[in-house]
Amino acid sequence: METSFLGLALAAILILQFSTPINSSFSATTSLPSRNTYIEYIKTSCYNTTFYPKLCYHTLVIYASTIKTNPKLLAKTALSVSLINTNSTSRLMIRVSKIPGLEPRVVAATLDCVEEVGDSVYELQRSMEEIGHAGGSDFSKAMSDVETWVSAALTDDDACLDGFAEEVMNKKVTAIVKRHIRRIARLTSNALALVNRYASTQANLP
C-alpha cells in the first residue's frame, strides 16, 4: 500500500515539474541568412567548447535571435537556462523530501539535496549578477568571480548525486533525483565552459 502511494505521489510531482523556459522567439523581421548565421554560431560554440554539446545546442538555439554572435550573451543565456532549471529542480527536491513513507536515510539524502541545490541556485544568481557587471578594468576579476560561483554550483550538484550513490536507496526516488540533478549539472557544466570561453576570448583582446 505504501509503495503504491509513493508511486502516485512521485507521479504527481513529475506532472507538476518544470516551469516554462525564458520567453524568447525568433523575430519575424530577422532575415533567414542572419538567423542561420546565429544558429550556426551557437552550434559551433557548443560543439567546440562544451562537454554536452547536444544539450547545449538544443537548450540555446531557441534564443539565437537574442544571442546573435555575441559571446557574452551566449554565456549569459547559458547561465540563465541553468539557473531556471536549477531553481525548478530545487522546488522538486523540496516536494520529494515531503513524500510520506520514505525511509529516514532517503529523507536525509533528499534534504541534503534541498540544501545543496538551493546553494546552487544562489551561486548561479550571483554569477548572473557578476557577469552583468563584467567590463573595463575590472573584467578579469569579475569573470574570475563568475567562474568561481559557477564552479561552486557544479560542486553542489555533484554533492547531491553523491548522497544517492548507495544501491540500497529507494529506486524510484533515486531515479528521479539522478535524472534531474544530472541534467542541471550538465547545463551548469556547459554554462561554465561558455563562460570560460568568453573570459579567455576577451582577455586576449588588445
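How much space lies in the largest cavity? About 40 Å³. The exercises below work through this cavity and the disulfides.

The model is predicted: local features need pLDDT of at least 70, side-chain atom pairs count only at pLDDT 80 or more, and totals for chains, interfaces and linings use all residues. Residues are numbered from 1 along each chain as its sequence is written, and side-chain values use heavy atoms, with hydrogens and water left out.

**Exercise 1.** Find the disulfides, and state how the bonded cysteines are paired along the chain.

Solution. 
- Step 1. Apply the criterion: a disulfide is a pair of cysteine sulfur atoms within 2.5 Å. The structure holds two.
- Step 2. In one of them, the sulfur atoms of Cys46 and Cys56 are 2.0 Å apart; in the other, those of Cys113 and Cys160 are 1.8 Å apart.
- Step 3. Counting bonded cysteines along the chain gives the pattern 1-2, 3-4.

**Exercise 2.** Characterise the disulfide of Cys46 and Cys56.

Solution. 
- Step 1. The torsion about the S-S bond of Cys46 and Cys56 is about -65°, so this disulfide is left-handed.
- Step 2. Cys46 belongs to helix H2 (residues 32-49) and Cys56 to helix H3 (residues 53-60), so the bond ties together parts 10 residues apart in sequence. Helices here are DSSP runs (H or I, at least four residues), numbered from the N terminus.
- Step 3. Both Cys46 and Cys56 are buried, where buried means under 20% relative accessible area (1.4 Å probe, protein chains only).

**Exercise 3.** Describe the lining of the largest cavity.

Solution. 
- Step 1. A cavity is a set of points on a 1 Å grid over the protein atoms alone where a 1.4 Å probe fits but cannot get out; lining residues have an atom within 4 Å of a point. One cavity of 30 Å³ or more is present, a volume being the space filled by probe spheres set on the points, which are joined across faces, edges and corners.
- Step 2. The lining residues include Cys56, Thr59, Ala78 and Asn190.
- Step 3. H3, helix H5 (71-97) and helix H8 (171-203) each give two or more residues; the largest share, four residues, comes from H8.
- Step 4. The lining divides into seven nonpolar, two polar and no charged residues. Ala, Val, Leu, Ile, Met, Phe, Trp, Tyr, Cys and Pro count as nonpolar, Asp, Glu, Lys and Arg as charged, and the others, Gly among them, as polar.

Notes
Buried means under 20% relative accessible area, exposed over 50%, partly exposed in between (1.4 Å probe, protein chains only). On a 1 Å grid over the protein atoms alone, a cavity is a set of points where a 1.4 Å probe fits but cannot get out, and a pocket is an open set with protein on both sides within 12 Å along at least five of seven lines; lining residues have an atom within 4 Å of a point.
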